[in-house]
Amino acid sequence: MLWPANSRARPKCLFYLEVKSNIITIIPVYNGEKFIRQTLESVAKQTFRPDRVIVLDNCSTDATERIVKEFQPIKCEWFRNPTNIGLFANFNRGLDFAPEAKYLLILCADDLIEPTFFEVATAALESCDGFGLAYSLDERIDENDRRLSVSGKVTGDIQEIPSDTFISRKAEIANQAFSGTLMKMNYQKAPCRFRLDMPILADVAFWAEFGKHCRKILQINQPLCKYRWHGDNATNTAMPGMQALILDEWRVMQMNEQLRNGNSSFIRKFKLKGLFAVRTGIKAKRIRQQNNLTYSREIVAEGKKISGPLAWYMGQVVVETRDALIYGILRRPKHPKNVYG
């Protein structure tokens with residue numbers, strides 16, 4: 001059995017061999033029987049396959065283990081945590097493999113990557129001689145593989161994003177598909193870890209901090225990842241609770257803004273408050289549409305308190321205009337349990 005070099009889980013009595021790999025794909029999972037076979041199939045179909053596929057099981061009680069161990073198209077390594085350590089702690093276990101990988105992908109067990117994902121992303125990052133990051137657009141799908149939307153304009157080009165611009169976008173919580181993000185580690189220890197005090201937004205904080213260490217950050221303007229929205233998404237199960245849903249969002253926006261170079265202007269601060277008002281207003285509206293009126297009113301009160309009344313009311317104009325355009329005129333499908341979009 002192979003263990004990451006700095007893994008606390010590696011028993012001292014076992015023989016240990018560090019293996020250097022070009023690409024390592026980590027799949028953290030908990031009760032993933034519904035979708036993990038499709039996820040593994042998407043890895044097996046890669047035109048440029050990873051050297052290792054490592055499944056980190058967080059004490060699943062369903063058929064996940066059997067599905068992974070019986071999967072034939074690509075060899076998978078299976079590790080089961082002694083106890084359920086939580087989502088982002090399991091992601092941190094994945095980061096323990098960084099010193100063994102030139103490229104590292106943490107792939108959520110319900111998402112998919114398109115066949116050319118590794119081919120395109122590794123080629124784009126090949127000239128980067130330190131930490132690097134390449135992330136693609138994503139196609140949002142539901143539990144029945146129905147297409148919901150695409151995260152941006154598909155042009156097919158690859159843009160290099162300056163670090164400060166990237167971190168600025170992270171302060172705005174701009175979209176970045178987790179499973180569509182390839183990290184270039186160059187056989188180095190990960191420079192940061194996922195926070196364990198943010199059950200929804202730890203990834204947003206992580207990407208901003210990781211970006212601060214990157215010599216190259218690339219946005220691939222084609223949908224090389226499929227992000228699956230379903231009722232059991234971790235973001236949905238962690239949704240109840242004002243701290244995780246609302247207060248952490250403003251906290252991570254402020255944390256990421258402080259990582260940027262220079263001071264934020266008044267206009268910049270107002271913009272962030274306006275974006276927060278829009279994001280909070282969407283959540284309040286979606287929860288109200290689910291007939292949870294009390295929780296919706298509590299969200300409005302907390303959101304208005306942080307953004308201030310002017311930014312709040314301007315934000316709600318944006319929310320209503322956006323919904324009328326996207327879901328009314330354009331008739332984009334919407335998942336009934338998604339309170340975020």
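Colleague: What is the relative accessible area of R66?

Modeller: R66 has a relative accessible area of 45% and is therefore partly exposed, given that buried means under 20% relative accessible area, exposed means over 50% and partly exposed lies in between (1.4 Å probe, protein chains only). This is a predicted model, in which local features need pLDDT of at least 70 and side-chain atom pairs count only at pLDDT 80 or more, while totals for chains, interfaces and linings use all residues. Residues are numbered from 1 along each chain as its sequence is written, and side-chain values use heavy atoms, with hydrogens and water left out.

Colleague: Which side chain meets that of R66 in a salt bridge?

Modeller: Side chains of opposite charge can pair when their charged atoms come close. The partner of R66 is E70, at 3.4 Å from N to O; a salt bridge here is a side-chain nitrogen of Lys or Arg within 4 Å of a carboxyl oxygen of Asp or Glu. Both residues lie in helix 2, 4 residues apart, about one turn of the helix, where helices (H or I, at least four residues) and strands (E, at least two) are DSSP runs numbered from the N terminus. E70 is also partly exposed, at 48%.

Colleague: Which residues of helix 11 are buried?

Modeller: An α-helix has 3.6 residues a turn, so residues three or four places apart point the same way. In helix 11 the buried residues are A311, W312, G315, Q316, V319, D323, I326 and Y327. Seen down the helix axis they fall within an arc of 135°, so they line one face of helix 11, the arc being that of the directions from the axis to the C-beta atoms. These residues pack against helix 9 (266-289) and helix 10 (293-307), with contact meaning heavy atoms within 4.5 Å. The face turned away from the buried side carries the exposed residues L310, V317, T321 and I329.

Colleague: Which way do the residues of strand 9 point?

Modeller: In a regular strand the side chains alternate between the two faces of the sheet. From strand 9 (residues 181-184), T181 and M183 point one way and L182 and K184 the other, and all are buried. Strand 9 runs antiparallel to strand 4 (residues 101-106), to which 2 bridges join it, and antiparallel to strand 6 (residues 132-141), with 4 bridges; two strands pair if DSSP finds at least two bridges between them. M183 has L104 opposite it and also L133 opposite it.
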